Each structure stands twice: as structure tokens, then as C-alpha cells.
Amino acid sequence: MKYEKITLDATDKNILESIKEDKFGRSADIKSFIEGLDMIDTNMFISLDARWGEGKTFFIRQIEKTLEYLSKKRFSQNIDEIKDYFIDSDLSNIKLNKIYLPIYYNAWLYDCHKDPLMSLLYVLIKERGKYISAKMNSEKIRDNLLSIVSSFSLVLPFIEINFENFKDNKKKDMLEEIWTAEDTRKAVKEIFNEIIVESAEKLVIFIDELDRCRPDFAIETLERIKHYFDDDRIIFIVSVNKEQLIHTISKYYGEKFDSTAYLNKFFDINIYLPKIPEYFRNSSIIKTENRQSLFKMIVEEIGEYYNLSLRDTLIFYQNANATLKYYYDNYTDNGRVLSIFIPIILVLEIVSQNTKKEFMDGEFQDFNKLCENIKCIRKIICKYYGNGMNDNESYINGYKKIYEVYEKSFKNGLTYDGELDIDRDLKNLCIRICNGYSR
């Protein structure tokens, strides 16, 4: 079985490649988002809302990399490693009024730690150490940074950071010296002063995967950033599935707690992630020949019918691509039936294991609803098994023939012996095709 991975990890290389190729058709959305950021002069907290799997991480990391490129160019820094990814992109033409320092913080990586404030500061230092080590002049800030690094040395051993320029400085315990929230706020602001003034005019912090964190960490992260990062030079962008996060808050505070109102108080602006255009979701992924076009159309339409997320859509297409496509033949009864049944089995594998079992046992209650509402399946039934007209009478007559094939092929103890030229071991053939095997 040939199995090609279609889903992409949000690595720096994949993010830059997606920008260069405009892989998801989002360049215009990224440009619009960044131009909107450039209009913000105050402290701002923005939520970017979408379901899991819709590409939130890719979107914010594309924004992060674009801001990095534009700001480095404005700051006359070396952009040799990334300029080729932007040279033919509309994103390279964005005109910014400010220089930005983007920071990406994956909250889920740190929810094992008790204090999101310290882990966020740690990430800021780790990601921008090159600016700090070159520009740091304040002994007080230097000691504070060393204290934070020192306080994390036991709980985050998997992250290494090299502050060779600081190795001779006396280490202090920052937490022992700060006794009040106001002292903490001042220390945080001093760190920002040192980093922002030397490196940029505005700090953009992307908080990702918050809805995957344990409830207390997710809630404390929001409360910490709202309390300690009230600075006009800082913009927070929190990518989140708000529905899931509201559910998390309700579990933490109780079902009677107004979780929606509580969450909304943290954000000044709520933005929904733009959907990827359908032709970017499917047009070049399913590889078929002309005689297999029905299979391709059914795969695309059934993915839309079940409203799959971007991630699930790609997994669905990936699995469909891995099957042996010579079985799907527009010109034979067996090929057309397999073109219908295989996508149903593959999509139910993702949507619901219980529903998939019902289908495989010949007890799928929504079979008629699915066939009638997926346009290309309805057309196949009317054209080949009805009277050729796309009307209700033709569909009803054609559906009876297709349902007989389904019921007697999949329900135990029955055997299909009707008028259509169908494989007598159709169920096992479907299983083998879904597994990528031949007979």
C-alpha cells in the first residue's frame, strides 16, 4: 500500500513553504490580519476562534513568520534564510508603520508547570535570546532574567538556553525578592522595556493550544496575561476553540457558572478563522483517472457533507488516496457501487466508530438520507439505476436497487443475488480496499 502523508506539521520549514506556495489560499487573509494589527496603538487581546483541526496553528504561525520577515527587513537585519519564501508573495509588499517582535507560545507544552507567567517569560527569553545577549546593558534586568532561567532549570530540563554572556553574573532568586503583585508587574515591565526598546516597537504574542491545557492552567494563563501584560506595546493573539474552552471553564467552576461571559471579559476583539477555499481543500489531492471521476467527486462531496475539519479532511483524502483506485470504474456496476461505499466507510472511520460499525453490519439508518443529500450519489442512482431522470420517482426506484445491494452484501446471513453485476463478496472486498490491499 502506498501511503503518502498529506497533513503537515507546523514546523518552520512547512510554514515558510506554505507561505511561498500559498498552499491554503490564505495570503489575502494574512495580509488583512497584519494590516489590521498595524492599526492598533494600544494594548489588545484578540481571540482567533475555530474548531480543532481547522488550521489555527498554521494561520498564526504564518502571521508570525511574515511579521518576522517584515520587521527584520525594516530593522535591516539578515533575512537571507527566509527571503526566498516571500519574494514572490503578496505578503512581501505589506507596508508596516511599526516594527514588530513576534513570539509564539504553545501553552500545551507548558501546562505541566504551575505558573504560566514564568513559562511565558521563559519562552520570550528563549526565543529572543539573540537580541538580549547582544543588547543587554541593565544589570537589574540581567539578574532578573538569570533568576527566571534558574527557577526553570529543574522543571523544564528538556529546554536548553545559553546565556554565555551572563555566566559570571550573580544569580538571584527572583521569586524570593518579589513579594507583591505590583513588584512582579514592575519587573515584567522592565524586561519588556529592555527587549522591546532594543528589538522592536511592538510585541505580538501568539498563545496557541490553550483549549488543550488542563483547566486551571488555561484559566490562570488568561488571568495572568490580563493582569501583568497591560502594556500598550503588547498585543496578544489567542488561538482557541472557544466552545471547547467554555466547556473547560464550566467543568472547572461548575455548570451554573457563566463561562461565556467570563471568557469574553478577557478579549477585546473576537475573530473567526477564515475558512480555506474548497478548491484548496480538495482539487489537487485526490489523484484519479477519468474513469474514476465518480469516486473523486463522491470523496469531495461527502467530506463537505460531514463538515470535516481541515485536518480530518486531509486525513480522509489521504486514506482515500491510499486505496487501490482501479476498482472504481464509472462504467461498471461494481465500480460505481464501490465508488459510493468506500468513501462512506472511510469517512465514518473518522466521524464515528459506532456509526461505522452500524454501516458494516448492514444497519446504517441514515443510508437513504446520505444518498439523497449528496448530489453526485443521487445523480448516479438516478442515471444508472432509476429511469435516467433526476427526479424523485427515478431516485426512489434506483435507491431500492442500491439499498438491496447494501443490505444483502453487509448484513450477516444474506447474499445479494439481484440483477446488478456486483461482486458476491462485496463486504470483504470493501474491507480489503480500505486497508489498501488487493484480493
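Which residues does D333 touch, not counting residues up to four places away in sequence? The legends below open with this residue and refer to a predicted model.

Figure 1. Residues up to four places away in sequence aside, D333 touches Y385, L420, D421 and I422. Two polar contacts of the D333 side chain are shown: one of 2.9 Å to the side chain of R336, and one of 3.2 Å to the side chain of Y385.

**Figure 2. The buried residues of helix α21.** Helix α21 spans residues 426-434, and its buried residues are L426, K427, L429, C430, I433 and C434. These residues lie on the same side of α21, because the arc that they cover around the axis is only 160°. In an α-helix, residues three or four places apart point the same way, because there are 3.6 residues a turn. The elements that cover the buried residues of α21 include α16, α17 (353-360) and α20 (392-410). After α21 comes G436, which has a positive phi, near 85°.

**Figure 3. T323 in the loop between α15 and α16.** T323 belongs to the loop that lies between α15 (310-321) and α16. Its relative accessible area is 4%, and T323 is therefore buried. The T323 side chain reaches the backbone oxygen of A320 at a distance of 2.7 Å. Apart from residues up to four places away in sequence, T323 touches F295, Y328, I342, L346, I433 and C434. Of these, I433 and C434 are also among the buried residues of α21.

**Figure 4. Q244 in helix α11.** Q244 is located in helix α11, formed by residues 242-253. With a relative accessible area of 25%, Q244 is partly exposed. Its contacts, leaving aside neighbours within four places in sequence, are with W52 and D211. The view also includes L210, which is 34 residues from Q244 along the chain; the C-alpha atoms of L210 and Q244 are separated by 10.0 Å.

Definitions and conventions: Residues are numbered from 1 along each chain as its sequence is written. This is a predicted model: local features need pLDDT of at least 70, side-chain atom pairs count only at pLDDT 80 or more; totals for chains, interfaces and linings use all residues. Side-chain values use heavy atoms; hydrogens and water are left out. A polar contact is a pair of N or O atoms within 3.5 Å; within protein, one must be able to donate a hydrogen and the other to accept it, and residues adjacent in sequence count only if both atoms are side-chain atoms. Contact means heavy atoms within 4.5 Å. Buried means under 20% relative accessible area, exposed over 50%, partly exposed in between (1.4 Å probe, protein chains only). Helices (H or I, at least four residues) and strands (E, at least two) are DSSP runs, numbered from the N terminus. The arc is that of the directions from the helix axis to the C-beta atoms.
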